[in-house]
Amino acid sequence: MSDVFGRTPFRPTRRGLIGISIAASSALALAACSDDDGGEVDLDAQNKGAMDDFAADTQFKATEPFTLSLLWTEWPDLPITDSWQFFDEVEKRTNVKFELTTIPFSDAVEKRSLLLSAGDAPTVIPLVYTGEEDSFVSSGAIVPISDFVEHMPNFQKYVEEWDLGEMIDNLKQADGKYYMLPGLQEVSVPVFTLVIRKDVFDAVGAGVPQTWDEMRTALAAIKAQYPDSKPLADGFEAQSMLNYAAHAFGAQAGWGFGDGMMDDGSGKLQYTAVSEGYKQMVEYFRGLVADGLIDTDSLTAANDGAGGGSVAEKFANDLVFAASGSSGTAIEFAQALAATAGEGNFEVLQIAPPGGPAGQVVEPRNFWNGFMLNAEIQESEYFLAILQFLDWLYYSPDARELLRWGVLDETYTKAADGTITINPEYSLLDYNINPEGTTDLKKDLGYSNNVFADSTESRSLKESYNTPTFVEYIDSVLSTRTPRDPNPPAPLDEMELEQASLLATPLKDTVDTNTLRFIMGERDIAEWDDYVAELEAQGLQQYVDLVNTARDRFEEENS
């Protein structure tokens, strides 16, 4: 079996860390550059293994077997094994065998940059989030995938059906093309939000807080009843809580800070960390700290789930009653509580992010992780077949169900109404599904893996492996919250990217340090103007002007 370039599969060795640079990657540009029609690609000739009748919602099977090199990120608690049924099943159905280059999760972004800059990257680069492709565009290291999506019928179908066309357009770079394909989500709700002890919130008469002001009132009431508690926690070094809270104040923060630029309401972009909304958010959380309502340890240390100080253990011991988390965190908290309070004596609930001065709003509708393609693929005689295979793998409903649940009638069954039930001998422990099963779909068979499984999901597939309370959470967000509009696109050209990087990094360092200092009370909020002046001295206005120049250019060229 040959690989896509007709050569022996290459297994690169692990290397030391090195940052990607324009100089290091510029050599790739000569071989990888393309014009508006996809460069030198001729898909009529580069169609070895491709299906003539490939269409949306059909099974892809290469007419000739081939090997496809792929970058695999390995989580420390999920070591990859050659015996995973997942790989065998994909190969059986598609005639495509993966050749893996494995990198550790701990430094995956750096390793990925190294491989691309050195010209050693495999063909397919998964686990890419929007914006992470930016630094590879000008070098020509990755494919302008928008040139070829007409050959990806599943992608086109679900972009249209799920009304994602405008979001896809926002992926365009300065040249009007986009260079990664994201995971598509039929419904998009914040993954991280607040997980609360609803029974305790009910007992103090608070119910489920709908705004941050209501949350403050509820936390104060809980503190009065449990004086040893600090009822609100994060557990993610404040990055999670500030991320989902910021939108209610009309700002961006934490994990969602991005490049720091956000819509100012007029179609221009402003630096979020000097906005009035950002200041209001900081003042709000500073007030909670001052009143003893936040577990400050959880704002300065990551919660690794181990040791006596974990948020889950504080949750289980009536020291914390609301904390940042996902659906998995809610399960973890419930399991911890069962050991201390006993089953049936508590109610854990994941709630919609509270609203605030900016309204009952949440983050903009999001994509999930997708993939990039090494530009060398444009020389491959299997190019069209690879596009078809990836279109099936990432966007076909049958493939997505396989990736999550395994083999129909072997590892799971599916009722006429679409309800999926895992077979008794199997488990999916990450979601506490049938823990009595002797074979775990993820650990033992490779399904539900972190590299592929979460990328593209219909609502029904998302609900199939989540708890009923998470389904209620989806409903509550969709019915009571409005996603903010995405920021207007402002793609930077090569020179601007270099300038922006030099300016943005020290600015963000100053923001991160002082945001936490203000919240913790280590810096008086009366010094806010001094903080803004410090950012201005670091080139804030130059950075804002740079991004808005790109914004104006993009709007002019695409109007």
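Biologist: In β9, which residue is the bridge partner of T193?

Modeller: This is a predicted model, where local features need pLDDT of at least 70, side-chain atom pairs count only at pLDDT 80 or more, and totals for chains, interfaces and linings use all residues. Residues are numbered from 1 along each chain as its sequence is written, and side-chain values use heavy atoms, leaving out hydrogens and water. Strands (E, at least two residues) and helices (H or I, at least four) are DSSP runs, numbered from the N terminus. In β9, T193 is partnered by G325.

Biologist: How many bridges join strand β5 to strand β9?

Modeller: Two strands pair if DSSP finds at least two bridges between them. Strand β5 covers residues 193–197 and strand β9 residues 322–325, and they run antiparallel. The number of bridges joining them is four.

Biologist: Which are the edge strands of the open sheet?

Modeller: The sheet has four strands with mixed pairing, in the order β6-β9-β5-β10. Pairing on one side only are β6 (232–233) and β10 (348–351).

Biologist: At what angle do helix α18 and helix α20 pack?

Modeller: Axes are lines fitted to C-alpha atoms over the stretch in contact, with angles from 0 to 180 degrees between N-to-C directions. The axes of α18 (residues 494–520) and α20 (residues 540–557) lie 9 Å apart, at an angle of about 140°.
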